[in-house]
Every structure is written in C-alpha cells, then in structure tokens.
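Here are some notes to read alongside the model, taken point by point.

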Amino acid sequence: MAIQIERHDEQDGIRLEVSGDVDMSTGDRLEQELLQAETEAPPTLTLDLSHVDFFDSTGLQILLDADVRAHATDRRLVVVPGTGEAARVLALTQVADRLNVAVIE
Amino acid sequence: MRAVVVDAASAWTGVLLESLAELGHEVVHAATATAALDHANDHGAAFVLVTQEGVLETCRSLRDAAGGADRVIVVAGDHDEDVDVSAALAAGATDVWLPPPTDPAALRARLTAARHHARRDAATVVEEASARERRGRPNGRAAARRSAFLADASPLLDASLDLRSTLESLARLTVPELAELCLVDVLEAGEVRRVACAAADPEVERLVRALPRAYVVDDEDPVARVVRTAESEMLDGEAAGVFGGWRGALESRMPRRAMVVPLTTRGRTLGVLALAVLDDDRGFGDEELALATDLARRAALAVDNARLFEQQSAVARVLQESLLPDRLPRLEGIDLAAAYRPAGDGTEIGGDFYDAFPTAGGGVALAIGDVTGKGATAASLTGLTRHTLRTAAMYERAPTAILETLNRALVAQRGRRGKYCTVALARLDRDADGHVSADIACAGHPLPLVLRAGGDVEAVGRPGTVLGFVPDPRLHDAPVKLGPGDALVLYTDGITEARTPTGLLGDERLAALVRECVGLGAGAIAARLEHAAIASQQGTPRDDVAIAVARVRE
C-alpha cells in the first residue's frame, strides 16, 4: 500500500521513477514530487510509471494535470507507462497519443 | 428444504427469494395465507416466511396444522411498527426478522438459528414432562445442547451486519437454555439503550418490551457498573433487577438471579449481555458464565462491526440523497437497478456516480461514471457532470453527442486542476417486438458487460477518450441488441480494481461473477456484484464501487 519515488538527475532533465501504488492515500506525495521537480524547470521531466502496481483515477488526474502544466509552460513531460497498471489505464482512457509517451527498454 | 414465502411485497423480496433459492431451497411464493397453508401441509414445507397482513392468524394456522410443531415460521417486516414481536411469537412464530437479511451468508446464519429454535420448541412440546429437570442444573444433555446452541449462534454473529435484527435472534436463542430472560443493552452517555430482549415466557417478554427502550441510570446501576469495570457480575435477589428504575413494572416477574456480562471489544465496553432467571430453583454456575462470556465477546464484535457499518451506511445514504438519483425512472419492459458504496469507512465522499434519465425522442439513458478528485471537489464535479448529462440528453440522442457536450463543459471549466471524468453511457430504446436497442459510448471508462439470458457474457462498446482533457475526444456509439432476459451491466473500476487476497479482482473474475448472475433480476445482479466486491476486500473498499444494471423483462 505504499509508494516509492526515486529521483534521478539525468543529462537532459529529471526522471522520477515511481513504484508501488498510486491511489488516494499516496497521490499527494507523487504530486508534490512532480511540482518540486517542475520548479527546477528541467528541459525534460520524465515520469516513469512502468513499475507501478496500482493506478486509478487519482493517478490519472495527477498525470493529466502535469501534462497540461508542461504544455502551458513549454516544457516536455515524457511518460513511461511500461506494460502494467499505468499502461492499462492509459489504454482505457485513450490518452496515450495525446501525451509524450516513451517506450524505454 | 421447501420454503414458502407468503405474499412478500417489500423491496427486499426479490433478493430474498433468490438468496433462498441459491441456498438450495425450493422456493414457493404463495399469494394468500390459504395457499401457503396448502403448500405447507401438502408438501411438507419446512420454512414459511410470513409478511402479509393477518400475520398472527397465519402463524397460528401454520403451527396448529399437522406437522407444524417443528416447522420454521418466520415473520418478516420492514420496521418495528410492522409486527408486534411478542404477539407473533406467542402465535407460533419461530423468529421475527425486521427486516430479513438478503445476503445469502447472513440469511443462512439466520435460518440456522431459526431452525435451532424450531427443533428445540418441538422437543419441548414432546418432553414437557421432563422440562423441569432439563431446565435445572447442568447435566450432560444440557451441556451438549448448549454446545449445539453456541454452534448455531456463532454463524449468526459472524455473518450479519444488521445489528438489531441479529441481536434479537441471538437473544431468542439463549432462552430457555441458558436463561429465562435475555437482554442486550448498550450504554451511551449515561443512558441504557435496550438493543434486544427475549424471554421464555411470552408474558414476561411483553412486560419487558413495554418498558422504555432507553433510560438514564446512575453509576451504581448494575449495567453502568459492569460497563465501567468491564467485569462480569452475578447478582442475587433484589440486586438482580437490571431494569434501572423500571424494576417495579415487572411486579412478580422480577429476576431472582442475573448474570451481567460486559460486551467488550477492541478495548471498549459498549454495553452488557444480561441473562436472568425468574425461578428461585434455577441459578448460574461457572459453565453458564463461561458460555455467556463467550457469547458476549462475539456479540460485542458484532455490535462494533455493525456500528462501523451503520456509520458507513449513514454517510452513503446522505451521499445517495444528494448525488445520486432518488429513484430510477420506470420504463416499460426494462428493469433498472443500481448499487453504490463509497470507499473506505464511508467518511470520504467519493467520485463514482450513476444516473438514469429520459432522452430526446423517447428512451432512457443509463449512465455510470467516475470523476477525479475527492471530497467536496468530487461532489461538486459529480453534480456538474450529472446535470450536464441530463440537460444534454434533452437535446441530443446519440450518446457520443451527449458526452461531447459534457466534455466541452469540463474543458471550459478547468481551473488550476483539471476536471476529468470517465463515463459509460447507454441509451436504451424499446423495439416493437419487446427487444431493446442500445447505443453505448464509453469515455475513458471500463466497457460495460452484457449478460445474455443464456449465460454468455461479453464486453460491449469501444474505448474512448476520458472527458475534460482534450477538446476533441475520440468517442464511438456502439449499437447492441438486448433480448428478453439479457442484462446490461455498467460498473466502475472500484470492482475490477478491488484488492483481493489473490490480487486485483480484474476483468476475468468480474466476467465470471456476472456469469453467475444468470437468471437473476436487475436488483439482485447489482446487489450481488456490490456484495462480491465489498466481501473480496474484507468489507472496506479502497475505491468507490458503483453498479448500474438494465435488464430486459422476459
């Protein structure tokens, strides 16, 4: 029932690697990490959701809001949905082609 | 066992009949008392549920008929006012359910208790001559009967969440085996509230039931004392009065001895289980105290669980009143039903909703959805969404057109945070041949399932874009034909994302659950799926669960 968020400072920006559950009880933490990273204005902010075990409408809200913020400030948000729960929700909600989705590894 | 249900016409009737059938009973629905008597007498029905007017008469006839002695006769109603409990018991009823349990597990437990009672009553009639001796000090046979009693009482307390009704049945089980009078009292803010009572003698029960349901006590009242100390007490003579200032009302029927056992659970003492005898020759020993303590422990857990449940359902009720439709529209040839359960302990307002409303050009729309956010944000977004859907449906026929209108409203009103919403929307039109044509559109929402009358389950519709994110969502109207007995099941991901001991419940297990609903009515399908989702999460859903069902009448 927990979330782990690892931050990696990379050449072209910041990468947040999320694992565990994104739900009502953990969503705030993810949102805070994202907002914190955004204040540093990295050219690319990568949100890696490929290790997420649970992803529901709370996660969707955070993801879509982050994408809207990126567009509004001309930053690049890249989402790595992987093949698990986050990918399932992105497929169900048909938003993958509106986001910058990266297939990594 | 054959079960005859007499003229039951309450909200719970359908689910109850189905639960009885599911438990393997042959269910007969009799329209009148006479028809019920015929069924009961000719076919040896073992269980009769009476809900109609003239309850007392029917009970008497059923009891007096040949073979009626060990027949289970249960009287059921919606509210306390519906049935005079002691009169019904005196007329031959085995138990009184106000209201009856509709969930199969709870129903099974209550039936077990009722059958225990009926068997015991029958034995009492046959062995009246030795009744005195049997009611005396414990002997081998009494001990065996007591362990049978506990075995019958346990599932009752484990299964049911309907507190009052359960504890009434429990109290009834304790007399006369364990005591002649049984009370379950809770203490709140210096006030004793009687939750349940039963007496071996109907006259005593009538007297006790005539006492006020709640009364103020001082610190030295035995109930207050036991709650304070959480220690059992054995009371003798004058002190055995466990009725606060009301002991005078019982006159010569005052208890001579009483065992007052605390209802303690999760570190809190909620009240007492009081067992009393009115007969000078009878008493309580260590064995009875041990049994009473065991019983009290289980009852306390049931009381506490039920409190949590009641708090939860109170919140859910308020929610349903404000955010969900008061009632679903009636539509010829189609039955609509819905179920809703907020996440967690029910204190958080969730984002799931369902609705049903008329559409342009006749027909009805059935909608289910999930708005993002929680608390007040979710509540206001739910209001906006439902209102917009209903308004759009007055002008638009195609579900996609209705959803596009909602999308525009959501995008236009976005603030610092987006207002996102997933919806599955079905418009249902009844064809001349009694079939139903449905158009289904899904916006970011799990695809609805169709349960065919023959038992096949299929997902219908095509995935579409979640609403509130982009100005041009991709949405599709998918046509589906529904024949007599086919059911369309809309649901939110609170079901499929339910965390069960063996992983998320998932699409496949949901499909299997829906398949098991073949032959059930719309209300029973919704109730069954809701129950399955809640039960798989040990009663505390972590996300809202909403279900809406439309079933074409056969």
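1. In this predicted model, strands β1(A) and β2(A) form a hairpin, with two residues between them. Strand β1, residues 3-10 of chain A, pairs with β2(A) in the antiparallel sense over eight bridges, and within this pairing I5(A) has V18(A) of β2(A) as its bridge partner.

2. Strand β2(A) is also joined to strand β3 (residues 44-55) of chain A, here by nine bridges and in the parallel sense, with I14(A) standing opposite L45(A) of β3(A).

3. Strand β2 of chain A spans residues 13-22, and because eight of its ten residues are buried, the strand is largely enclosed by the rest of the structure.

4. Turning to the contact between the chains, 26 residues of chain A and 26 residues of chain B take part, and the two chains bury about 2,400 Å² between them, of which 52% lies on carbon and sulfur atoms. On the side of chain B, F469(B), R474(B) and R542(B) supply 23% of the area buried against chain A, which is more than any other three residues.

5. The polar side of this interface comprises five salt bridges found by the rule and ten residue pairs in polar contact, counted where both residues are at pLDDT 80 or more. A salt bridge joins the side chains of E31(A) and R417(B), at 2.4 Å from N to O.

Note on methods:
Residues numbered from 1 in each chain as written. Chains lettered and ligands numbered in written order. Predicted model: local features only at pLDDT ≥ 70, side-chain atom pairs only at ≥ 80, totals over all residues. Heavy atoms only, no water. Buried < 20%, exposed > 50% of the residue type's maximum accessible area, 1.4 Å probe, protein only. Helix = DSSP H or I, 4+ residues; strand = E, 2+ residues; numbered from the N terminus. Pairing = 2+ DSSP bridges. Contact = heavy atoms within 4.5 Å. Buried area = accessible area lost by both parts, 1.4 Å probe. Salt bridge = Lys/Arg side-chain N within 4 Å of Asp/Glu carboxyl O. Polar contact = N/O pair within 3.5 Å; in protein donor to acceptor, adjacent residues only side chain to side chain.
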